[in-house]
Amino acid sequence: MVIALIDGGAAILMERLGVLLAASAEAAVVEEVVFRGLLLVLCLHVARERGAKRPAFAAAMGSSFVFGLMHVVSSPLPPDVSGLVLAQAALKVVQGTSFGLLMAMLAMRSPRFWQPGPRRYLALGVPIAAHFAFDMAYLAPAVMTTGALPATYLTGNPQDVPLLLVTTVLLFAAAVPCARALMLGWPHEQK
């Protein structure tokens, strides 16, 4: 009896871990290729074409804001849109933008990012790994306890606020020095 319970519990945990690993890997690869591999490069091109004084800063901030906004726009709203839901939306945009800026900085720190053509995608290895690790840690409480990914970031549930608030504050604190470095000029940037 005890062995059956242990085996069944282990199977459930392994299944949940598989869901967590797959979801984190998929999000890390797809989002980094789309937002850092494509959108960041496009924003950099546009910033240069428009004569931005600091094109790397403009590109990183623009692509990161779109990344943060995407995490809110793609989340279904609960039936009752409350002040808490609106606060979650605002926090999620700040969290996503800060995270996007950190990932952009990781990509742009690689000399390969500044090379033309497909070699540029080799600069995404570190951001993909960092994104995967973040998603594993961020999603683990929900996936390992319920077996399912959260359907939305905008739950209106007060229990979801502490993790969102703490990660937003920590990511914002880490993103500020990155933004400052980009505003001062980027050593790898080529005109």
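**Ground rules.** I number residues from 1 along each chain as its sequence is written, and side-chain values use heavy atoms, with hydrogens and water left out. As the model is predicted, local features need pLDDT of at least 70 and side-chain atom pairs count only at pLDDT 80 or more, while totals for chains, interfaces and linings use all residues.

**Salt bridge.** I searched the whole structure for salt bridges (a side-chain nitrogen of Lys or Arg within 4 Å of a carboxyl oxygen of Asp or Glu) and found one. It joins E32 to R36, with the closest N and O atoms 2.8 Å apart. Both sit in helix α1 (residues 2-49), and because they are four residues apart, about one helical turn separates them. I take helices as DSSP runs of H or I with at least four residues, numbered from the N terminus. Are E32 and R36 buried or exposed? E32 is buried, at 0% relative accessible area, and R36 is also buried, at 0%. Buried means under 20% relative accessible area, exposed over 50%, and partly exposed in between (1.4 Å probe, protein chains only).

**Largest pocket.** A pocket here is an open set of points on a 1 Å grid over the protein atoms alone, where a 1.4 Å probe fits, with protein on both sides within 12 Å along at least five of seven lines; lining residues have an atom within 4 Å of a point. I noted a volume of about 530 Å³ for the largest pocket. Of its 25 lining residues, A27, E31, H71, L139 and Y153 lie nearest the centre. Helices α1, α2 (55-73), α3 (83-108) and α4 (125-146) each supply at least two lining residues.

**Second largest pocket.** The volume is about 270 Å³. I counted 15 lining residues, with Y138, A142, P150, D160 and L163 nearest the centre. Helices α3, α4 and α5 (161-184) each give at least two, and α4 gives the largest share, four residues.

**Helix α4.** I checked its length: the 22 residues should span 32 Å at 1.5 Å a residue, and the end C-alpha atoms are 30 Å apart, which agrees. The expected span is 1.5 Å times one less than the number of residues. I found a bend of about 55° at A140, with a proline, P141, following within four residues. The bend is the angle between axes fitted to the seven residues ending there and the seven starting there. Buried residues of α4 include H131, D135, Y138 and L139. After α4 comes G147, with a positive phi near 85°.

Note on methods. Grid points are joined across faces, edges and corners, and a volume is the space filled by probe spheres set on the points.
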